[in-house]
Structures are given as C-alpha cells and as structure tokens.
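Good morning, and thank you for coming. Please look at the structure on the screen while I go through its main features.

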Amino acid sequence: MSLKVINPGLSTSIQDLGRPGYFHLGIPMGGAMDRFALRVANMLVGNPEGAAGLEAVFMGPTLTFEKDVLVAVTGADLPPKVDGVVQDGWTAFEVKAGQTLSFDFLKSGARAYIAISGGIDTPPALGSRSTYPIGALGGFEGRNIQAGDVIPLGETDMIEPELSVPAKLRRLPGKPAELRVLPGLYWHRLTPAAQEGFFADDWAVALEADRMGYRFKGGKPLEFVAREQPFGAGADPSNIVDGCYSYGSIQVPGGLEPIVLHRDAVSGGGYFTLGAIISADMDLIGQLQPHTPVKFRKVDMAEALAARATRKKMLAEVRAHLG
Amino acid sequence: MAQVLSPVPGTFYTQAAPGEPVFKKPGDLVATGDIIGLIEVMKTFIEVKAETSGTFKGYMAEDGAAISAGEPLAELEA
C-alpha cells in the first residue's frame, strides 16, 4: 500500500509529532509546526493522533494512491481537490485508487496537514518519522518529498468518511497575529525603552521563515544596557557566552530582527534570547505567511500556563466532538 | 485574456536580477512554460511559469511587491 508523488509542491515533508529527547545532543524535536492541525487531521481519518502525515507549505502536492484511502486536510486553507473536484477542509473525504489528489491556491494560513488513513509508514528514525532535512534524518530518505517518490502507507480498516470539525474548533492566526511572549533569561540586557518598544512596535513576518525559525522585521532596533562583554561573548551586544536555546525562544542578532526558533531549530549558540513565545501560540507561527503583520504581547507565567490549559481544553473538545 | 496567478506568497520580481531585463514586455509572445517572474520565499526563488501561451499584455504586480498566493501577476492575450 503506497502513495505516489506526481508533484511535490513547494516544500512538502513527512511529519508526525516529532522526536523529543535529543535536543541536548543538537537534534531538534522536529515534527509538525502546527501540531494541533496534524492531530485533528489524523483524528478525522481514524488514525492515532501522532501518525505521520504530510506538511505542505504554501502549495499543495499532487498525489495518487494505490488503494482507496480516506484523507483529511487541516491547518491552512489550501482547498483539496479529488480529480479536480474541490473538497472541504477539516473534513474527511475518500480518494479512490487511481484518483488524483491535488490542491487549489492557498487562501489563508501557511501550512496544510494531509492525513491519510493508515498513516505514512516510512521507517522511524530515533522514534519519529518526522523529516529533518538538515540532518538528513527521518521522513523519506531524510529529505522533502520529490516527484516520483513512492511512499509506503500503513494498512488499516477505513472508517466512514463522515467526520468534520466545526469552524469554532479550528484555529488560524488573526490579522495582526498576536504572539504572546514570556520574557526570559536575558531580558535584563535590553534598556527599558527597548523592552517597551519590542511590544509596542508593529512587526511583520520576513521572507526568511521556515521550520528552523521565523524572522520578523519592521520594529525599531533594540538598545542594550551597556556592559563590558564577558570573555567569550564577542563584541556585539546581542552576543552572550554560548547558552542553550529553547523551542520558541526569541533571539535578535545585532538587536535588529527577532527570530523565533521553531521545530527544527539549533539547540544552542551565542545570541541573547529576550524570552520565548508561549507554547500555546507556537502552532500559530506555523500558519503565518510572509508579510503578515504581527504584534508581540507580554504575559507572565500564570497567563502562559492558563493559555496552555485553554489549548488542551480545545483539543479535548475536538476529541469529544469526533468521538 | 488569461491571468498568471502567483502559486505562493512572497516577494515578486519581474527580472532575474537587479539591472537585468524584465522577463516579458507587452507584445512579447509567451509559450506555455515560459518564465514570467520570480517569487522569493523561504530563502528560495520560485519561477512563475505561464500555464497557457499567448501575447504578453503586462504585469499586474510591481517588481518587488509583496504578494499573496492566488494574486494575479500578469495578463496574457490568447
């Protein structure tokens, strides 16, 4: 049982929920950038939530299937088509053997998640099928999919194509997108004016935005509190003695353009990090197109944890809805 | 009249590099598969190709413009 790639789209990769546990060795967690969307897509076709599917960025692939399958597309509004007939997003539909699954132009969001009944069954690497192209790890031969690839699918009994998730249980960023930030270890390196300016300024997603990190531009350069740089930190005030980076941490090389580290990020380095995007908002970043206006909003730990609880509650509502 | 639509969001360019001639000028004949422009996104340049043949009418997006997916970039006369 397999699918065949006719056209890979722009940057389409196999992703599951990732491989946590190796970040201290420099191997990122990986996995879907919008984990909620991948979980829901899998639920819609009767897969375990962490089954591997396809993450398509901006542009959908063209695929054919060896046998009848159930498919669901969630996340970005990238309308799926079966033999040219448009299907609903966030809803399971059938693709029969020999039919072609393709996609219309992207309407909103950035990444669509394509779940297929049975899930993608490539060999796991370090416990995950997620593709980490920089390390040639996981996925299909450690890379994004290409035309002509024949990708194995798991065997499963197909459920009825009757499941759908209502609009109130879907999640896409607003305009401007609001990203909540918990100030962190090196927050004190910024002057009070720079601390205030970071949250007051209007930012926009830059063109350099991918699975490793999302860059933002448009705000004022950040001013640093003057200090004598410690040994090993280099001369630039945005440099520190090398430290650990976390998923979601925000570094600002040269104090100019903030970069939020995402699923395939490096695990450490010599840039100060002013804080981190709260975990509840990381899925939203995966749905931001270049040029999208963004506001950062300061929160404390209590609000960050409350937001996390709200995300969990929404996932529980989807589970309950889909039974 | 056919429009060439952008397949992806990003920044649109009507020439291969600054100072180079534009890919197409009004009146130019366009064959299916001809490059109409470039879109920069995710550290890569994607070639926008004509899906039909015809005569080039003009660009509908400016060089260096921020564009979204599905936005018209150029017009062709069949």
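Predicted model: local features only at pLDDT ≥ 70, side-chain atom pairs only at ≥ 80, totals over all residues.

Residues are numbered from 1 along each chain as its sequence is written, and chains are lettered from A and ligands numbered from 1 in the order in which they are written.

The predictor assigns the complex an ipTM of 0.77 and a pTM of 0.93. For chain B, the average pLDDT is 93, and 100% of the residues score at least 70; pLDDT is the predictor's confidence in each residue, from 0 to 100.

Let me turn to chain B. It has zero helices and eight strands, where helices (H or I, at least four residues) and strands (E, at least two) are DSSP runs, numbered from the N terminus. Its C-alpha trace spans about 35 × 25 × 20 Å along the principal axes.

Chain A has four helices and 20 strands. Its radius of gyration is 20 Å, close to the 20 Å from the globule rule for 323 residues, so chain A is as compact as a globular protein of that length. The C-alpha trace of chain A spans about 65 × 35 × 30 Å along its principal axes.

How is chain A divided into domains? The assignment gives domain 1 (2-169) and domain 2 (177-313), with bounds that come from an automatic or database domain assignment. Taken over C-alpha atoms, the centres of these two domains of chain A are separated by 29 Å. Their contact takes 19 residues from domain 1 and twelve residues from domain 2; two residues are in contact if their C-beta atoms, placed from the backbone, lie within 7 Å. On the domain 1 side, α1 (35-44), β5 (69-77) and β10 (108-116) of chain A each supply at least two residues, and β10(A) gives the most, with three residues.

Next, a pair of helices. The axes of α1(A) and α4(A) (residues 301-322) come within 11 Å and cross at roughly 10°. That makes α1(A) roughly parallel to α4(A), a label for angles under 35 degrees. Axes here are lines fitted to C-alpha atoms, for helices over the stretch in contact, and angles run from 0 to 180 degrees between N-to-C directions. From α1(A), F36(A), R39(A), V40(A) and M43(A) meet L315(A), V318(A) and L322(A) of α4(A).

Between the chains, the contact takes 15 residues from chain B and 13 residues from chain A. On the chain B side, β2 (10-13) and β4 (35-41) each supply at least two residues.

Finally, the backbone. Most residues other than glycine have a negative phi, and most peptide bonds are trans. The peptide bond from K175(A) to P176(A) is cis, with omega near 0°, and P176(A) lies in the loop between β11 (150-152) and β12 (177-183) of chain A. D83(A), a residue other than glycine, has a positive phi near 45°, and D83(A) lies in the loop between β6 (80-82) and β7 (85-86) of chain A.

Key. Parallel < 35°, antiparallel > 145°, perpendicular 65-115°, else oblique. Rg over C-alpha atoms; globule rule 2.2 N^0.38 Å.
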